[in-house]
Amino acid sequence: RVINVVDTTNPVLYGVPANATIECDQVISDAVVFATDNCDDDVLISLTAYTEASDCGYLFVRTWVATDNCGNTSAQTQIITVVDTTDPMATYIPQDVTVECDEALPTDAPIFTDNCDEELTYTAASSTGFDDCEHYIYQSWTATDDCGNSTTVNRTITIVDTTDPYATYVPQDVTIECDEALPTDAPTFADNCDQELSLSAISATGFDNCIEYIYQTWTAVDDCGNSVSVSRTITIVDTTAPVLVNVPAGVTVECTDIPAAPIVYALDNCDGQIVATLVEEIIPQNCGYLIIRSWSAHDACLNTGTGSQVIVVTDYTDPIAVFVPQNVTVECNTILPIDAPIFTDNCDEDLSIHYSVSEGVDNCYGLITQTWIATDNCGNSTTVVRVINVVDTTNPVLYGVPANATIECD
């Protein structure tokens with residue numbers, strides 16, 4: 001008998017995974033597949049795999065085939081549907097920021113990654129809003145992968161103006177004379193945001209003795225109420241002395257020609273015309289004297305202007321004899337005249353009078369010459385001379401002459 005032993009039974013596969021749906025970033029794990037056969041201990045297992053595109057993702061198909069020694073085979077297939085249902089992820093999100101209006105806007109943008117796609121589709125949108133003095137920029141970025149999964153991140157940029165304006169030019173404190181024009185320069189301002197500022201100015205005055213102060217303050221305000229103020233003090237002083245007008249030059253005069261003091265006044269840079277005060281001093285000299293006339297004028301700030309004239313009073317004029325005794329002829333038995341000349345002087349009240357007399361003989365009797373010399377303090381002199389002619393024109397008088405008589409011849 002012939003027994004034909006055959007093997008027509010397929011091997012049986014074990015461990016083939018069931019069909020599955022996974023995310024595209026998941027790892028497809030290896031499967032431990034084995035087979036048993038009714039006859040053979042060693043069954044050959046082969047694996048084939050391929051991918052097939054789908055609407056979003058793909059299919060991963062892998063087939064295991066078990067073959068025994070007789071060519072009997074068994075096959076099992078696993079279909080893994082690879083999908084992308086995960087939104088992209090922002091790995092960097094720009095933070096909300098507040099910036100000054102003159103600062104550059106931030107340019108950073110979010111960074112997205114996706115579990116499946118290397119290239120994403122990006123869209124960006126921006127809108128603005130205002131609230132009083134704040135300006136808002138609302139930024140939005142959206143990243144979309146190939147499967148339409150998307151992620152949106154937002155940022156708000158708040159633009160503020162908290163910076164005060166600043167002065168680009170500040171007038172300096174100055175001190176001026178009262179007759180100088182007030183400075184008219186004003187500060188200039190700039191702002192980090194606003195081209196046009198609201199400007200205001202105030203001024204106040206103060207006094208301290210003879211000094212006047214003008215306090216000037218300028219304020220600049222921007223559209224957000226930020227402000228800056230600068231100040232200047234103008235100090236008005238009077239340090240200029242009055243200038244005397246009509247002060248005469250010095251002269252040298254005779255004591256009889258002393259000029260009268262003129263009216264002297266002063267002109268002041270602040271107080272106008274001021275009456276000058278005269279003080280006169282007399283200084284004796286060896287011959288004559290000095291008259292020093294000093295004028296002074298004080299303005300309201302006690303600045304003093306002075307001027308002076310020196311008059312040299314001298315004497316070049318001789319004394320004058322206002323009475324001159326006349327030459328006389330007198331009898332020798334007559335009392336001599338005692339009158340003397342009278343002198344006056346244009347300057348000196350007390351003259352030095354020198355008197356001298358000399359006698360001589362003339363004809364029958366004699367001559368008496370009287371000389372007076374009047375000298376003033378400056379040595380000017382006048383001489384007066386009188387001659388007294390002493391004569392004898394009277395006959396002698398006889399006494400004891402007898403009277404006429406008649407007598408005898410003897």
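# Briefing: salt bridges, strand pairing and a nonpolar patch

The backbone nitrogen of aspartate 117 lies 2.8 Å from a polar atom of the aspartate 114 side chain. This is a predicted model. A search of the whole structure finds 4 salt bridges, and aspartate 114 has none. Strands β29, β30 and β31 supply antiparallel pairings: β29 with β30, and β30 with β31. A nonpolar surface patch of about 360 Å² includes Phe323.

**Aspartate 114**

- Aspartate 114 sits in the loop between β9 (111-113) and β10 (121-131).
- The residue is buried and lacks a salt bridge.
- Which side chain of opposite charge is nearest to aspartate 114? It is that of arginine 155, 22 Å away.
- A salt bridge needs a side-chain nitrogen of Lys or Arg within 4 Å of a carboxyl oxygen of Asp or Glu.
- The aspartate 114 side chain does reach backbone nitrogens. That of cysteine 116 is at 3.0 Å.
- That of aspartate 117 is at 2.8 Å.

**Salt bridge of arginine 155 and aspartate 108**

- Arginine 155 has its salt bridge with aspartate 108, where the closest N and O atoms are 2.8 Å apart.
- The pair links distant parts of the chain, 47 residues apart: arginine 155 is in strand β12 (residues 150-160), and aspartate 108 is in the loop between β8 (97-100) and β9.
- Arginine 155 has a relative accessible area of 2%, so it is buried.
- Aspartate 108 is partly exposed, because its relative accessibility is 27%.

**Salt bridge of arginine 232 and aspartate 185**

- Arginine 232 and aspartate 185 form a salt bridge, with 2.7 Å between the closest N and O atoms.
- Buried or exposed: which describes arginine 232? Its relative accessible area is 2%, so arginine 232 is buried.
- Aspartate 185 has a relative accessible area of 29% and is partly exposed.

**Salt bridge of arginine 386 and aspartate 339**

- The side chains of arginine 386 and aspartate 339 meet in a salt bridge at 2.5 Å, N to O.
- This pair also links distant parts of the chain, 47 residues apart. Arginine 386 is in strand β31, while aspartate 339 is in the loop between β27 (328-331) and β28 (342-344).
- Arginine 386 counts as buried, because its relative accessibility is 1%.
- Aspartate 339 is partly exposed, with a relative accessible area of 30%.

- Strand β29 (residues 352-360) pairs with strand β30 (residues 366-375) in the antiparallel sense, over 9 bridges.
- Tyrosine 355 stands opposite tryptophan 372 of β30.
- How many bridges join β30 and β31? There are 10, and the pairing with β31 (residues 381-391) is antiparallel.
- Alanine 374 has threonine 382, in β31, as its bridge partner.
- The hairpin of β30 and β31 has 5 residues between the strands. There, glycine 379 takes a positive phi near 85 degrees.

**Nonpolar surface patch**

- Ile320, Val322, Phe323 and Ile342 make a nonpolar surface patch of about 360 Å².
- Which strand gives the most to the patch? Strand β26 (residues 320-323) does, with 3 residues.
- Phenylalanine 323 lies in β26. Its relative accessibility is 33%, so it counts as partly exposed.

**Separations across the chain**

- Valine 251 lies in strand β20 (residues 251-254). It counts as partly exposed, at 30% relative accessibility.
- Valine 251 and cysteine 39 are 212 residues apart along the chain, and 165 Å separates their C-alpha atoms.
- Glutamine 273 is in strand β22 (residues 272-275). With a relative accessible area of 58%, it is exposed.
- Glutamine 273 is 213 residues from phenylalanine 60 in sequence, and 117 Å away in space, C-alpha to C-alpha.

Key: Residues numbered from 1 in each chain as written. Predicted model: local features only at pLDDT ≥ 70, side-chain atom pairs only at ≥ 80, totals over all residues. Heavy atoms only, no water. Patch = residues over 30% accessible without salt bridge, like charges linked within 9 Å, V, L, I, M, F, W, Y side chains within 5 Å. Areas by Shrake-Rupley, 256 points an atom, 1.4 Å probe, with all protein chains shown as cover. Helix = DSSP H or I, 4+ residues; strand = E, 2+ residues; numbered from the N terminus. Buried < 20%, exposed > 50% of the residue type's maximum accessible area, 1.4 Å probe, protein only. Pairing = 2+ DSSP bridges. Lys, Arg positive; Asp, Glu negative; His and termini not counted. Polar contact = N/O pair within 3.5 Å; in protein donor to acceptor, adjacent residues only side chain to side chain.
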